[in-house]
There are 6 protein chains.
Amino acid sequence: MTNRRDRSLHAMRPILFSNHFTKHADGSVLACCGDTKVLCNTSISEGVPKFLRDQNKGWLTAEYSMLPRATHTRTDREASRGKQTGRTIEIQRLIGRSLRCAVDLHQLGEYTITIDCDVIQADGGTRTTAINGAMVSLTHALKHLQYAKKIKTDPIKYLITACSIGVIKDEVYLDLDYDEDSCADVDCNIVLTEHGDLVEIQGTAEGEPFQTQTLDKIVQLAKSSQTQILQAMRTCLDLPHPESK
Amino acid sequence: MTNRRDRSLHAMRPILFSNHFTKHADGSVLACCGDTKVLCNTSISEGVPKFLRDQNKGWLTAEYSMLPRATHTRTDREASRGKQTGRTIEIQRLIGRSLRCAVDLHQLGEYTITIDCDVIQADGGTRTTAINGAMVSLTHALKHLQYAKKIKTDPIKYLITACSIGVIKDEVYLDLDYDEDSCADVDCNIVLTEHGDLVEIQGTAEGEPFQTQTLDKIVQLAKSSQTQILQAMRTCLDLPHPESK
Amino acid sequence: MTNRRDRSLHAMRPILFSNHFTKHADGSVLACCGDTKVLCNTSISEGVPKFLRDQNKGWLTAEYSMLPRATHTRTDREASRGKQTGRTIEIQRLIGRSLRCAVDLHQLGEYTITIDCDVIQADGGTRTTAINGAMVSLTHALKHLQYAKKIKTDPIKYLITACSIGVIKDEVYLDLDYDEDSCADVDCNIVLTEHGDLVEIQGTAEGEPFQTQTLDKIVQLAKSSQTQILQAMRTCLDLPHPESK
Amino acid sequence: MTNRRDRSLHAMRPILFSNHFTKHADGSVLACCGDTKVLCNTSISEGVPKFLRDQNKGWLTAEYSMLPRATHTRTDREASRGKQTGRTIEIQRLIGRSLRCAVDLHQLGEYTITIDCDVIQADGGTRTTAINGAMVSLTHALKHLQYAKKIKTDPIKYLITACSIGVIKDEVYLDLDYDEDSCADVDCNIVLTEHGDLVEIQGTAEGEPFQTQTLDKIVQLAKSSQTQILQAMRTCLDLPHPESK
Amino acid sequence: MTNRRDRSLHAMRPILFSNHFTKHADGSVLACCGDTKVLCNTSISEGVPKFLRDQNKGWLTAEYSMLPRATHTRTDREASRGKQTGRTIEIQRLIGRSLRCAVDLHQLGEYTITIDCDVIQADGGTRTTAINGAMVSLTHALKHLQYAKKIKTDPIKYLITACSIGVIKDEVYLDLDYDEDSCADVDCNIVLTEHGDLVEIQGTAEGEPFQTQTLDKIVQLAKSSQTQILQAMRTCLDLPHPESK
Amino acid sequence: MTNRRDRSLHAMRPILFSNHFTKHADGSVLACCGDTKVLCNTSISEGVPKFLRDQNKGWLTAEYSMLPRATHTRTDREASRGKQTGRTIEIQRLIGRSLRCAVDLHQLGEYTITIDCDVIQADGGTRTTAINGAMVSLTHALKHLQYAKKIKTDPIKYLITACSIGVIKDEVYLDLDYDEDSCADVDCNIVLTEHGDLVEIQGTAEGEPFQTQTLDKIVQLAKSSQTQILQAMRTCLDLPHPESK
């Protein structure tokens, strides 16, 4: 199960961001990481929530959901159960927090951004794929806001990237798929700015605790894996790639 | 707005069913009707709900949802509001009822089928597109159940098709898109068996009531429009087309 | 069970509307159709919901509920279950939609009308009895609003009537009671204006699909059955009967 | 407002219990006390809730609700609000507790009794009218259970009666209507056995606290007012009246 | 079980109010009555609820809760169940009602007082201990409001005290602990002003009904037991004791 | 505000665990860290949730809540709002996950442990104080289970400790109080085994992202701060201190 056929332990699965996946959203990106597919739709509306009134700044929030049959066996629909699971809430808080870090909310002005991350198909790493897709979707949406002359400057401070790293039998694996994730001893999600600084780190020992040296390895692997994600992002965003500067 | 550029009043938009849209579901079909796109995933599980115990028959139910940004402006996520809207409940009851009519539940045996219809992009006719996509998705899923030797015979009695028909300024329109739907005086959804018999008819006067002669015209139009839907279904299901018999 | 003792297949059960059933409502009518008894209370309040602000028109909405022991065996109280069933929601949306069709909301002005339809005793046809009772209750309430000089003209465009029609073993039955309803192959509810035009039609094949010729028969039967309902309505409303003109 | 036109301070309004108000319930009584009208339906089902399993005794519970327009101005429907108000919960607990006191649950055996008290029209004293109506409805239902040979002996220990008593400007009033209730300084509900013993007493100072002598007067008035209620109960239950013994 | 080791039937358990139990609340009192411990925190905020707008008076409300393991066996947390139990709602309504009686809401002015009564440890009498603790906590909070010059005069009209009294095998017991409460035939909670007038009385026959003479005894016992509670209150509030006048 | 009067940047506030804080729980510990006070009650019950049936292992879960007035201004009670906030859910999932890591669930056998962490007073670090208190409370409860001969060996694998570390203006602070927490750029919670291995790490950039070197410093500080927490734990648990070995 932990035998990766066609990629090394420190390799990511193919990553692809498809723009304009649906037509109504201000930014609509299908983010694929291997077989994990997350639709990231950005909506921008005027005004801000009450707690931000008269502060002359904007707000950004995210919602996350899995389609009932995104998974091996069907999971109950949260809308018919009448509440979101703890897992869903935890993930959408993480997505929102991370993306807020990438945006200068003062520069945004009094707009509220909602990023909906809906998992169409799940195969491990849905939350990190959601963050990456949300980053691309958000950038598209803000570009349109700028084109529409509603804001003057781009409020994005830097791109952020997210990856999941696990430890299985003392080996550090990058970008675990569902089967690998199910048998990992450590499960870590790391969000970095494009400059390699930390936005968020969440590491959990599923079974055995892990040493601080392992944490170092994990963080280093996260940093070195960024290039591939940033490349896919820039391709979709039509941004110059660093090497082409 | 009611000026249809490139199709006649009695023509449908292009219809396409894409099979295997996601990998986990027993049947997974993306149903497209013009710009309306609905993902129809079928899940089959052993056992039946309590009220059917020991009756030696199966059950089929459907759930319907729109992604928050399937629409022009974002609609609140039902999972975070904590309940489904009346519209959602009404639609998913219609889908389930219609599809149950197409299946011999005794022949199915003690299995429960759940069909999830998630609207990825909405442009009018989401409920009829959901029914059509569910029909195709269900057929695929039951074929697999038969291949897997879990059931002996195909419990599907006939294909069913659904279309929406509206009346705008005394003219009868087939397959209304969102703009047309918004200004229709009568809104009618009709589900037929492939033999042209009625499974369900729901006609509503949005503004002015309509005459029974108009109802006749609507029903005739529904019957004559079936061919295109059945053709798309049979293509996706790899079934022989009647004319090729 | 389908042997109607004392009425022909195309006859309705006795219909009676009792005015002033309770003293607080603006209109309070007990609508009886055979053993089915629905209390229809109309409340009129000033102002309109948000989505209608500054449009200079009114709103009408309906709520439907069954007392827990209106039925053979007790059904759980929705208030203690914490949510309304799909059936309840579907029915109250139908009632509201139908009655809105009977009222000129612009002429009504900025008032909100709520019609509460509470089933005291159920024996088939509760939704059609509710619509009929609501029509009478609403007319009384608007008459009082006019007497009170709050509106100048009567905003009611025409009376509407509703009836249920079923198909049992290829025979078309008018106004099914509970026992008949339980074994019907087709279940159809039709709402008409007093002039015989269609406001709403909902036909469902419970088991076998039905032919369009059957739909014709159903619609014709609905039209011919109107007289009895209108007569009972006019009696309760103290309106001249057409033949007495 | 506290000027009682046609009755003395210590007189009750006319009380009437109508049996067989609806046809499905095991006991169905409309209890009227002046303009207050409460429908009390008793349902008996086999089995008991989990916490009583294998104790060889039955259970009795009550539910209370007001139709939305039972009151002067419409109150929101609890089913659509998604939860019962504190007032509703308080009242239905009182009704259940009081009635359980009147029944020998061991003698009842493993049956669960649910008494639904639905206020059709409110004019003060709905909770006491509900208790009185529930007592009559329950007695009818248990009589039928006995006729059906499901229980051997009557599990009712004694009739219970309830009345509301208030203090307005130092005067003690029996059976307050809505207007009186709105200006009462003390609001007291007392449930007694037919022998004059206390089952429940709830006295609340709405404004000014009251002296223990006043409590004495209230309790004495409650006792002396029982005759009228018991007479109405016995009439409806076809029981011999004490004086006719 | 009903054998009180170290106190007479008419004696209360030791009562103690500890002020400043937590640091953020405007008044924070831990009320102990034997092993029952309730934390009573008072919060005062500016403004009043909608229904009191422009009446130039304040409002007071209470909330009650038990920590899940305040009891012998763990009870489910209401926050995770998603609703409060009927018992909780009944109790917090009683606390709020009683305390409102002790305050001149006009003199308070447009402030809203919320008293949170959280049971840390339960051993019978939690609701009466909550009322007593709330009285002390409220007094402290209002004193601070006066010190802060936000109100000019003390809006407290009188202290109120609450005690629970039960009947076990025809004997009247003061202040029942959990074991006694479990086998009581009558359960009575009485709230009095410091002058011995009644604010609230709630008496319930758990099994056998009780005579009005018993009610007299209960009320007398309640009055005679007040001294101890008032003494503990005054000690905590640093008020002169009557005998020291 | 970030001027720590009486402790260095790398010093914790005084930590104290008080055992037997309430009498009913299997383990009841009040954990204090400066002015933050969390009551940690452990309940052990026989049996396991469904998803663990027949696996011959136990389960451990945690719930977290803040009393409404544990904070500067009152926060709404989750039980009356009808749902837990995202923050609460996130925290209680962290507590449960961390503590499960400290227990050998196979050795525990088919028992379910619930640890209730109720914040009595909040001043920063409530989640880490809850984890520490839960660790002590759990150890006490399992000791009693062993004394009661229900389990043979101690299923605790090692003590775990939690601390919060923040970055304010490039300085790393240990154990932030509320004021410090409000202005921190980075907020990190770290759970370690008593051997210094990582159980959980959650680091969030509130404003500016942080460098991986800062993460190193944070982790080192977490490790060096453990001694004080372990000492307080061992004192309360009556365990030998390492230096006294």
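**View 1. Two-fold relation of chains D and E in the predicted model.** Chain D is superposed on chain E by a rotation of 180 degrees with 0.0 Å of shift along its axis, at an RMSD of 0.0 Å (least-squares superposition on the C-alpha atoms of residues with pLDDT of at least 70 in both copies). This is the relation of a two-fold axis. Within chain D, the C-alpha nearest the axis belongs to D:Gln202, at 2.2 Å from it. The same surface serves both copies, as 100% of the contact residues of chain D recur in chain E (contact: heavy atoms within 4.5 Å). The model is predicted, so that local features need pLDDT of at least 70 and side-chain atom pairs count only at pLDDT 80 or more, whereas totals for chains, interfaces and linings use all residues; side-chain values use heavy atoms, with hydrogens and water left out. Residues are numbered from 1 along each chain as its sequence is written, and chains are lettered from A and ligands numbered from 1 in the order in which they are written.

**View 2. Chains E and F, and two chain pairs without contact.** A rotation of 180 degrees, with 0.0 Å of shift along its axis, superposes chain E on chain F at an RMSD of 0.0 Å. The same surface again serves both copies: 100% of the contact residues of chain E recur in chain F. No contact joins chain B and chain E, whose closest C-alpha atoms lie 11 Å apart. Chain C and chain F likewise have no contact, their closest C-alpha atoms lying 11 Å apart.

**View 3. The second largest pocket.** This pocket holds about 690 Å³ of space. A pocket is an open set of points on a 1 Å grid over the protein atoms alone, where a 1.4 Å probe fits, with protein on both sides within 12 Å along at least five of seven lines; lining residues have an atom within 4 Å of a point. The volume is the space filled by probe spheres set on the points, which are joined across faces, edges and corners. Of the 32 lining residues, C:Ser65, C:Arg77, C:Ala79, D:Ser65 and D:Ala79 are the closest to the centre. Two or more lining residues come from each of strand S4 (59-66), helix H1 (78-81) and helix H2 (86-101) of chain C, and from each of strand S4 (59-66), helix H1 (78-81) and helix H2 (86-102) of chain D (DSSP runs numbered from the N terminus: helices, H or I, at least four residues; strands, E, at least two). The lining divides into eight nonpolar, twelve polar and twelve charged residues (nonpolar: Ala, Val, Leu, Ile, Met, Phe, Trp, Tyr, Cys and Pro; charged: Asp, Glu, Lys and Arg; polar: the others, Gly among them).

**View 4. The sheet of chain B.** Five strands form an open sheet of mixed pairing in the order S1-S2-S3-S5-S4 (two strands pair if DSSP finds at least two bridges between them). Strand S1 (15-18) and strand S4 (59-66) of chain B are the edge strands, each pairing on one side only. Strands S2 (residues 27-33) and S3 (residues 36-46) of chain B run antiparallel and are joined by seven bridges; B:Val29 has B:Cys40 in S3(B) as its bridge partner. Helix H4 (residues 126-147) of chain B lies across S1, S2, S3, S4 and strand S5 (111-121), at about 35 degrees to S3(B) (axes are lines fitted to C-alpha atoms, for helices over the stretch in contact, and angles run from 0 to 180 degrees between N-to-C directions).

**View 5. Helix H2 of chain E.** Helix H2 (residues 86-101) of chain E lies across S4 and S5 of chain E, running at about 145 degrees to S4(E).
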